[in-house]
Amino acid sequence: MKMVARSKKELSVEERNLLSVAYKNVIGAKRASWRVLSSIESKEGEKASATESKVDTIVAYKQRVESELDTVCEEILEIIKENLIGTALTAESKVFYHKMSGDYYRYLAEFKVDKPRDEAAASAKKAYLQAQTAAEDSENGLPPTHPIRLGLALNLSVFYYEILGLQSEACELAKKAFDSAIAELDQLQEDSYKDATLIMQLLRDNLTLWTSDGEEKE
């Protein structure tokens, strides 16, 4: 799949989806491992009985997972930048690749700290906003019910909430995307109905969660 992606030819929808799923499966497992290790590290650190060697072992393994995350993210980001963005001819492809770039920079920002985290977050925001501009273009953009545009709104709102800590912006974006899609739901094509409504449900779930979080903090 990597060889196909590096061919400097626009990928078909099937090839594009295969590439995305392949990397998502790899990165998803490593992100899950990192979260578990971080939780264990935090709990062990709070224990009075925790031994230094045990904590050191957990930290070392977590650093190994972070190195693997780095490698995977940098690899797909390089492929997108050098081989895919330049060959994207349709609005759908452009939104897809810019969104994908934003996602993998976001994954980097999840575990990095200090300046590297800030840099990853800035790159993620830039990529997401490029995708948003292409998606919302009045002439060549994607309809509000398009699964890729909805997926972009979902992931960008998560980025605002989890990485930047901008709750109001996250809620505003998620609500706007959900309301815009609802308004045009009758125009939704049958082949994308399932994907679109699933993402809309996730947007609504996040809105409910984030709104309740805000009320608790107040």
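When I call a residue buried I mean that its relative accessible area is under 20%, whereas exposed means over 50% and partly exposed is in between, with a 1.4 Å probe and protein chains only. Please keep in mind that this is a predicted model, in which local features need pLDDT of at least 70 and side-chain atom pairs count only at pLDDT 80 or more, while totals for chains, interfaces and linings use all residues. Residues are numbered from 1 along each chain as its sequence is written, and side-chain values use heavy atoms, with hydrogens and water left out.

Let me start with the aromatic rings. Rings of Phe, Tyr and Trp (its six-membered ring) pair if their centres lie within 6.5 Å, and planes under 30 degrees apart count as stacked, over 60 as edge-to-face and the rest as tilted. The structure holds 6 aromatic pairs, and one of them is the tilted pair of Trp-34 and Phe-111, at 6.5 Å centre to centre with 55 degrees between the planes. Because Trp-34 lies in helix H2 and Phe-111 in helix H4, this pair ties together parts that are 77 residues apart in sequence; helices here are DSSP runs (H or I, at least four residues), numbered from the N terminus. Phe-111 is buried at 8% relative accessible area, and Trp-34 also counts as buried, at 17%.

Tyr-128 and Phe-159 have ring centres 5.6 Å apart and planes at 50 degrees, so that pair is tilted. Tyr-128 sits in helix H5 and Phe-159 in helix H6 (residues 147–163), 31 residues apart.

Lys-112 and Asp-70 meet in another, at 3.0 Å from N to O; since Lys-112 lies in the loop between helices H4 and H5 and Asp-70 in helix H3, the pair ties together parts 42 residues apart in sequence. Asp-70 counts as partly exposed, at 22% relative accessibility, as does Glu-68 at 28%.

Notes. Salt bridge = Lys/Arg side-chain N within 4 Å of Asp/Glu carboxyl O. Helix = DSSP H or I, 4+ residues; strand = E, 2+ residues; numbered from the N terminus.
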